[in-house]
Amino acid sequence: MVEFDFSGIDYANLDLMSRKDEVLNSFNNSYMTGWTRRIDQSLVDDIISVRDKVINNSKCLVVVGIGGSFLGSYAVSKALAPYFNDEKFKVIYAGTSLSSDYMTELLDYLRNVDFSLNVISKSGTTMEPTIAYTLIRELMEEKYSDDELKERLIFTTDPVKGSLREEANSCGYKTFPIPDDIGGRYSIMTAAHLFPLSFNIDISKFIEGYYSGNKYIDSAYNYAVCRKHLFDLGKYVENFVVYEEKLSYFSEWLKQLFGESEGKNNVGIFPTSTVYTRDLHSLGQFIQEGNKIIFETIIKVNEASKIKFKDYDLHNINNIVLDSVRVAHNKGDVHSLMITLPCINEYSLGEVMYFFMLSAAFSGFLFSINPFDQPGVEVYKKEVRENIVI
Ligand code: PA5
């Protein structure tokens with residue numbers, strides 16, 4: 001079970017609590033909540049069978065996507081991967097930047113390796129993945145015949161429209177759908193993330209955990225209320241705190257989820273993140289004594305590997321420090337909310353992701369904005385399209 005500690009805020013008696021029915025109604029009447037619907041087992045089976053084919057003919061899968069088509073699977077795979085491993089099969093991500101160094105080194109690496117390519121873009125028009133796909137595709141055409149390309153190219157995109165869908169239809173490439181009623185940052189339970197994840201984790205446990213997160217509807221609303229209350233008190237920045245380096249990309253996922261869902265119409269809480277104890281030696285000073293616009297959401301982990309330091313268990317030291325820092329920051333008028341995972345595994349990550357997605361959506365309605373669109377991102381994408389023809 002995930003545990004929630006919102007102590008220090010008398011949320012049950014806040015006026016925001018009286019908006020619960022209105023917020024839940026808005027949520028239930030939203031079209032973009034396809035991520036609450038159970039994924040078809042036939043799609044999960046298809047993901048596993050395509051994964052097995054790829055493992056048979058490739059040494060590596062290149063995953064191209066950005067934003068909501070990237071962060072979820074990257075966050076979960078980082079959280080669950082051993083820190084040190086000599087993996088036989090590699091999953092490599094691309095299309096998340098325009099770095100020519102990264103692309104040059106990637107292409108050099110891929111020249112001597114058999115690989116498959118999964119291009120993920122709901123719209124099919126986003127610049128970074130389009131450029132990455134085009135460059136990797138050129139290399140694939142040098143290495144592979146048209147028939148081999150059909151075995152090695154997998155597109156994850158809108159079920160009906162968009163340029164990737166059209167290309168897949170005309171060339172006969174394998175596709176997975178991102179349903180129309182699921183937006184990028186809410187798409188963790190689609191093939192956009194489950195397919196890349198299927199190479200490294202047991203996706204059935206992740207899926208099971210995710211749907212069990214539905215039992216946290218009340219906690220998700222309470223968390224949204226606490227955040228909004230802190231915002232109303234002038235706490236405009238939420239610092240997501242983790243004490244496990246493995247969870248650093250989980251915070252990146254959270255930043256996108258809350259930032260894109262909430263930051264519009266001149267409102268919203270600015271999400272940022274730190275990895276403690278590392279960042280206590282860099283940003284800790286500011287957080288303790290600087291501008292009082294910050295509150296923290298701590299993601300604690302109950303159980304981790306056992307290793308002794310003198311008479312202590314090292315993980316206990318980590319959690320004792322967590323509790324002590326919490327008290328210290330509280331003394332500095334930096335309030336914290338805490339969410340505790342029993343351990344880092346597929347099930348608990350699935351559960352807590354569903355909780356956070358519910359809460360981000362509820363928060364949007366508490367701020368009286370639409371949590372499911374991203375008009376600001378579209379403005380930048382349009383501006384770029386006017387200046388670069390790709
Ligand atoms: O959450 C979102 O909707 C965005 O971050 C998108 O996922 C991101 O811009 C990538 O879009 P697309 O999947 O259409 O390439």
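User: What makes the crossing of H4 and H5 right-handed or left-handed?

Analyst: In this predicted model, H4 passes H5 in a right-handed crossing. The word right-handed is used because the near helix is turned clockwise from the far one by less than a right angle.

User: How do you know whether H3 and H11 are roughly parallel or antiparallel?

Analyst: The axes of helix H3 (residues 71-80) and helix H11 (residues 248-262) cross at roughly 155° and come within 8 Å. An angle over 145 degrees counts as roughly antiparallel, and H3 and H11 are therefore roughly antiparallel to each other. The crossing of H3 past H11 is left-handed. Where they meet, H3 brings Leu71, Gly72, Tyr74, Ala75 and Lys78, and H11 brings Tyr249, Phe250, Glu252, Trp253 and Gln256.

User: What is the angle between H11 and H14, and what is it called?

Analyst: H11 and H14 pack at about 20°, and their axes are 9 Å apart. That value makes H11 roughly parallel to H14, because the cut-off for this label is under 35 degrees. Phe250, Trp253, Leu254, Leu257, Phe258, Ser261 and Glu262 of H11 take part in the contact. From H14 come Leu349, Val352, Met353, Phe356, Met357, Ser359, Ala360 and Ser363. The crossing of H11 and H14 is right-handed.

User: What does tryptophan 253 touch?

Analyst: Leaving out residues up to four places away in sequence, tryptophan 253 touches Leu71, Gly72, Ala75, Arg185, Met353, Phe356 and Met357. Trp253 is also one of the residues that touch the most other members of the largest nonpolar core.

User: What makes a set of residues a nonpolar core, and which residues touch the most other members of the largest one?

Analyst: Such a set is called a core because its buried nonpolar residues are joined through side-chain atoms within 4.5 Å. The largest one here has 87 residues, and Trp35, Phe195, Phe206, Tyr223, Phe250, Trp253 and Phe356 touch the most other members. Helix H14 (residues 346-366) gives this core its largest share, 13 residues. At least three residues come from each of domain 1 and domain 2. Apart from this core lies another, of 25 residues, including Cys60, Val62, Ile92 and Ile136.

User: How do you know that domain 1 and domain 2 touch?

Analyst: The contacts tell us: 26 residues of domain 1 are in contact with 23 residues of domain 2. Domain 1 covers 3-30 + 208-366, and domain 2 covers 34-201. Their C-alpha centres lie 30 Å apart.

User: Why is asparagine 214 called partly exposed, while aspartate 311 counts as exposed?

Analyst: Compare each value with the cut-offs: buried is under 20%, exposed is over 50%, and partly exposed is in between. Asparagine 214 has 39% relative accessibility, so asparagine 214 counts as partly exposed. Aspartate 311 has 75%, so aspartate 311 counts as exposed. Asparagine 214 lies in the loop between helix H9 (203-212) and helix H10 (217-232). Aspartate 311 is in the loop between strand E10 (308-309) and strand E11 (312-313).

User: What makes asparagine 266 and lysine 310 worth a look in their backbone phi?

Analyst: Most residues other than glycine have a negative phi. Asparagine 266 has a positive phi of about 65° although it is not a glycine. Lysine 310 also is not a glycine, and has a positive phi of about 50°. Asparagine 266 lies in the loop between H11 and E8, and lysine 310 in the loop between E10 and E11. With relative accessible areas of 83% for asparagine 266 and 67% for lysine 310, both pass the cut-off of over 50%, so both are exposed.

User: Which peptide bond is cis, and what is its omega?

Analyst: Most peptide bonds are trans. The bond joining tyrosine 276 and threonine 277 is cis, with omega about 10°. Threonine 277 is found in the loop between strand E8 (270-275) and helix H12 (284-289).

Methods
Residues numbered from 1 in each chain as written. Predicted model: local features only at pLDDT ≥ 70, side-chain atom pairs only at ≥ 80, totals over all residues. Heavy atoms only, no water. Buried < 20%, exposed > 50% of the residue type's maximum accessible area, 1.4 Å probe, protein only. Helix = DSSP H or I, 4+ residues; strand = E, 2+ residues; numbered from the N terminus. Domains from an automatic or database assignment. Contact = heavy atoms within 4.5 Å. Axes fitted to C-alpha atoms, helices over the stretch in contact; angles between N-to-C directions. Parallel < 35°, antiparallel > 145°, perpendicular 65-115°, else oblique.
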